[in-house]
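Below is a short briefing for a reader who has not seen this structure before. It goes through the topics one by one.

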Number of protein chains: 2
Amino acid sequence: MAKGQLSMNLATTRGAWGFAEAVDGCLRHGVTAISPWRDQVAAIGLDEAARIVKANGLRVTGLCRGGMFPGVDAADRQKRIDDNFHAIDEAAALGADCLVLVVGGLPGSSRDIAEARKMVADGIAAIVPHARSAGIPLAIEPLHPMYAADRACVNTLAHANDLCDELDGLGIALDAYHVWWDPDLPRQIARAGRRVISYHVCDWLVPTTDFLLDRGMMGDGVIDLKGLRKLVEAQGYAGHVDVEIFSASNWWTRDPDEVLRVCLERFRTVV
Amino acid sequence: MAKGQLSMNLATTRGAWGFAEAVDGCLRHGVTAISPWRDQVAAIGLDEAARIVKANGLRVTGLCRGGMFPGVDAADRQKRIDDNFHAIDEAAALGADCLVLVVGGLPGSSRDIAEARKMVADGIAAIVPHARSAGIPLAIEPLHPMYAADRACVNTLAHANDLCDELDGLGIALDAYHVWWDPDLPRQIARAGRRVISYHVCDWLVPTTDFLLDRGMMGDGVIDLKGLRKLVEAQGYAGHVDVEIFSASNWWTRDPDEVLRVCLERFRTVV
């Protein structure tokens, strides 16, 4: 079974590096695959980002991120769909392997999560044709249930699988941080099979002190990362492994060269 | 369909009131059902707490809490089982309707959540006979997945239902805060049927700023509490509704008489 190489999600070095610095840093450490964020691409300009990617022969394993479909009214939802069209075009310009979708939470003051979930399905359906014609696979990322209200109302791999059943042409981005707790995970990874087109890692710290920005370096938390990767790769996944660590008070404050060194070391030993 | 009355979970007034003050406060507001915590009972003494309950004709809808089964070795696990025997005896002395079980997370430095879950099943199996002979129903409470590592590794109603299938004599404590996000919830409530013997409410705030102690007053968050209660009561649940709000920086700092007034008002209008 082929095992994937590390791809550096540029969120991990967000504390100190923009797009160009991050690419230089990755190359210094022998990392030739990246997964950038749209704001990082926008800051340097899409054309320049695409030029850097091409000039250095980089693999772009995913663009983060599209999604955020639920809106307070039809016009708001259409605006969000339009933004996803742009995200698909940006992913195509960068030659990305996929566009990662973080689907959005409850719109406005809504308490109707079933309705928000319907807006997500409708929103994805609305962008699938454009993604297909642009040659960009869409990867829905189920987020941890603690983000259900304000970030993503698709919170289990089972739900992502249901959406894939419903929406032809949808793939899955699986992030260990979001799904490690799920007792149904082995069964749902088997059900997902080759739908998993992007695999992300970091670690769950105990205690965790911030809902968004206190994710751990692999090995510093409680996730059985080797076990989880084995389940994913047993389904034939041979793509890269995205290292994505949001860590405002720890890793984002460190020398990013140190961060890369530790990521690469931990990738070899615990992922 | 009978609708349950409010029971005051004494966590809600923990900021200012011990057991005796909380009982006095509840009675001032016409609340005659409570759900105390073991440390609150211990602080006044079990005999005195039982005397107060009896003298005032209070309904004790649940004792919080037993559980915490996973341990680092057999001796540690046995110590935890023994503590549950004491919890059952305390629940019996108070005439409680049930003992709520928060099952515990990963023991020590373990990353094996499947093994922790096995320890939970084994631990519950070990205390069922004592609970049965004491006449105390056990209510397993699935906790939000964000507590999987350090508080409870049973995180969905589906998993609680699986344990009930496996362990004769186990009931369920359903807390809106922990399960509201679950797309499988309506189906699992129907599957649970009369297994739900305790129902808790508070609300999920956006944003939530603390993993444990930033729960919201009903109506201040995003949970569809009326909809959820309807699903539970459609299965024949006619028991009390426990109001349980952990709120270190808001409700625990207020005059508890105000907290009770607001709880009762919101209970009438949004639960």
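Helix α6 (residues 157-166) of chain A lies across β6 (138-140) and β7 (170-175) of chain A, and runs at about 170 degrees to β7(A). Axes are lines fitted to C-alpha atoms, for helices over the stretch in contact, and angles run from 0 to 180 degrees between N-to-C directions. Helices (H or I, at least four residues) and strands (E, at least two) are DSSP runs numbered from the N terminus.

This is a predicted model, in which local features need pLDDT of at least 70, side-chain atom pairs count only at pLDDT 80 or more, and totals for chains, interfaces and linings use all residues. Residues are numbered from 1 along each chain as its sequence is written, and chains are lettered from A and ligands numbered from 1 in the order in which they are written.

**Sheet**
- In chain A, nine strands form an open sheet with parallel pairing, in the order β3-β2-β1-β9-β8-β7-β6-β5-β4; strands pair if DSSP finds at least two bridges between them.
- β3 (59-60) and β4 (63-67) of chain A stand at the edges with a single partner strand each, so one side of each has no neighbour in the sheet.
- Strands β1 (residues 6-9) and β9 (residues 241-243) of chain A pair in the parallel sense over three bridges, and M8(A) has V243(A) as its bridge partner in β9(A).

**Contacts of I140(A)**
- Leaving aside neighbours within four places in sequence, I140(A) is in contact (C-beta atoms, placed from the backbone, within 7 Å) with residues including L101(A), V154(A), L163(A) and I172(A).

**Two copies**

How values were computed:
Two residues are in contact if their C-beta atoms, placed from the backbone, lie within 7 Å.
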